[in-house]
Amino acid sequence: MITSVTKLDAISKEEYLELEKKVQNSPWRQSFHIQPVTGLLNDPNGLAWYNGFYHLFYQWFPFGPVHGTKYWYHLRSRDLVSWEDLGIGLAPDQSTDSHGVYSGSSMEKDGLLYLFYTGNHRDDNWVRHSSQCLAVMDQEGRIVKKNTPLIPEPPAGITEHFRDPKVWKGKNGYLMITGAQKISQTGTALIYQSADLKRWDYGGELAVPWKTKAFMWECPDYFEAEGYGILMMCPQGMETEEPGNSNIYETGYLIGNPMNEETLTFDGSRYERIDYGFDFYAPQTFLDPFGRRILFGWMGLPEILYPTDQYGWAHCLTIPRELTVVNGRLRQNPVKEMEQMRSDPVYETILMDDESYEDKRFYGRHYELLVEIVDQTAGVFEISIRQNKQEKTMIRYSRNDKMICVDRSASGEVFAEDYGFLRKARLEGGLKEVRIFSDESSLEVFINQGEVSFSLRIFPDKSSIETVFTAREGCVKASIQKWNLRI
């Protein structure tokens with residue numbers, strides 16, 4: 001019997017092939033997003049440019065859409081578009097990670113790629129023991145784990161929730177930040193320091209002025225860009241402004257002056273969401289050889305049931321996004337390499353005055369759509385996508401209050417009802433551009449060249465392919481471009 005602690009070596013090859021067949025025959029399989037071969041995908045891990053390839057790992061449980069005993073699954077690419085499947089990168093095969101190879105990061109040094117991860121072990125009383133561990137990959141792709149943890153246990157005052165090491169090179173050596181929970185049941189981030197990536201000394205908690213009641217800071221990621229220090233994290237248990245239309249867990253960032261590595265202080269006090277959509281969590285970033293800061297996120301959330309669960313799999317990753325800083329805020333846009341996928345271009349300039357416009361050339365399921373606003377006097381502008389007679393996903397902009405809203409109340413199979421069907425963001429300068437990537441069961445929406453983004457899973461019928469543009473209470477002139485995406 002397969003359970004949440006079953007490992008791959010416990011089942012036959014034939015049994016696994018049956019799982020694969022069930023998943024491959026499932027509806028809603030993506031065409032150009034990274035998704036699991038079977039089972040559950042969640043956090044992106046170990047992102048790196050190494051030895052001529054982009055390397056990406058993701059957390060993986062092979063046997064179903066549950067958070068069971070995790071592996072790292074390994075992919076690589078030369079262009080961030082076409083990915084080579086390298087299979088299992090790290091397996092839960094040591095005493096320290098017997099119940100899961102949890103999230104982590106990577107760092108290249110002396111021609112080797114160091115992979116840092118959290119080992120999850122449970123004792124006979126099912127008490128969790130977390131440690132920070134190391135594996136090393138050479139240029140032939142061989143991965144060898146170190147026998148003993150780098151950091152065998154959390155420091156005093158920290159619970160067993162101690163995970164997700166992110167490592168970077170600082171001014172005077174290497175630093176590691178981990179997510180943690182204090183005994184007081186409040187979240188924090190811990191800093192460790194090293195000269196050689198092998199011996200680590202505990203520095204203490206990262207001191208920040210930001211105040212929150214979050215009970216855990218998951219997946220912290222610190223980096224610097226354009227003179228700013230940026231701390232990304234997933235603070236679990238944050239207060240929400242609109243409880244009926246909020247995600248179960250948030251993902252956001254603090255931005256300020258660069259971290260003081262001597263005093264371990266960071267003055268970021270303004271918290272911003274990274275993505276305003278329904279399904280975005282556990283992002284991780286890395287620097288590529290061109291100096292770009294690239295992000296992948298998990299397009300899913302913990303503790304939510306998704307319509308693909310019944311077919312033995314769940315979740316995908318976002319497309320790769322380049323991060324920049326504009327006016328003290330992060331912007332994210334699809335990497336330029338995504339343009340390699342474009343085919344069959346269509347272009348039209350339309351003028352709507354209290355009416356709707358649709359054109360079969362803009363229909364489809366796997367496409368990129370770019371809408372540039374030339375002029376708008378209308379009070380409301382709507383883009384209805386993946387539509388048929390019963391279904392649609394609505395992007396709505398209200399000129400009066402400058403609010404952009406995504407509505408998935410009629411997007412197909414209904415799920416996550418407890419968390420609402422609307423997600424909103426304010427556009428201080430108004431609406432200028434909407435860029436949409438549509439796949440079989442997801443939408444990624446980028447507003448005003450990455451000022452705001454919405455990531456969401458949708459599960460419509462295959463017949464939901466229409467696109468309708470509508471102006472209300474006035475006029476909208478828009479330039480529209482659409483490309484089918486090669487799959």
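1. A strand here is a DSSP run of E of at least two residues, numbered from the N terminus. The model is predicted. Asp-353 lies in strand β23, which covers residues 342-353. Asp-353 is partly exposed, at a relative accessible area of 48%. Together with Asp-354, Glu-355 and Glu-473, Asp-353 forms a negative surface patch. Membership calls for over 30% relative accessible area and no salt bridge.

2. The largest nonpolar core has 44 residues. Six of them touch the most other members: Ile-34, Leu-56, Tyr-58, Trp-60, Phe-296 and Met-338. Strands β1 (39-50), β2 (53-61), β3 (71-77), β17 (281-287) and β18 (293-299) each supply at least two residues of this core. The largest share, five residues, comes from β2. In soluble globular proteins, nonpolar side chains tend to be buried together.

3. Ile-230 sits in strand β14, residues 228-236. Is Ile-230 buried or exposed? Its relative accessibility is 0%, so Ile-230 counts as buried. The C-alpha atoms of Ile-230 and Tyr-253 are separated by 6.6 Å, although the two residues are 23 apart along the chain.

4. Now the charged pairs. The count comes to 27 salt bridges, taking a side-chain nitrogen of Lys or Arg within 4 Å of a carboxyl oxygen of Asp or Glu. One of them joins Glu-205 and Lys-182, with the closest N and O atoms 3.6 Å apart. Glu-205 lies in strand β12 (residues 201-205) and Lys-182 in strand β10 (residues 173-182), so this pair ties together parts that are 23 residues apart in sequence. Glu-205 is partly exposed at 35% relative accessibility. Lys-182 is also partly exposed, with a relative accessible area of 25%.

5. Glu-272 forms a salt bridge with Arg-270, and their closest N and O atoms are 2.8 Å apart. Glu-272 counts as buried at 14% relative accessibility, whereas Arg-270 counts as partly exposed at 38%. The cut-off for buried is under 20%.

6. Arg-365 pairs with Glu-440 in a salt bridge, the closest N and O atoms being 3.0 Å apart. Which parts of the chain does the pair link? Arg-365 is in the loop between β24 (356-358) and β25 (367-376). Glu-440 is in the loop between β30 (433-439) and β31 (442-447). These distant parts are 75 residues apart. Arg-365 is partly exposed at 22% relative accessibility, while Glu-440 is buried at 5%.

Definitions and conventions:
Residues numbered from 1 in each chain as written. Predicted model: local features only at pLDDT ≥ 70, side-chain atom pairs only at ≥ 80, totals over all residues. Heavy atoms only, no water. Patch = residues over 30% accessible without salt bridge, like charges linked within 9 Å, V, L, I, M, F, W, Y side chains within 5 Å. Areas by Shrake-Rupley, 256 points an atom, 1.4 Å probe, with all protein chains shown as cover. Lys, Arg positive; Asp, Glu negative; His and termini not counted. Charge placed at Lys NZ, Arg CZ, Asp CG, Glu CD. Helix = DSSP H or I, 4+ residues; strand = E, 2+ residues; numbered from the N terminus. Buried < 20%, exposed > 50% of the residue type's maximum accessible area, 1.4 Å probe, protein only. Core = buried A, V, L, I, M, F, W, Y, C linked by side-chain atoms within 4.5 Å.
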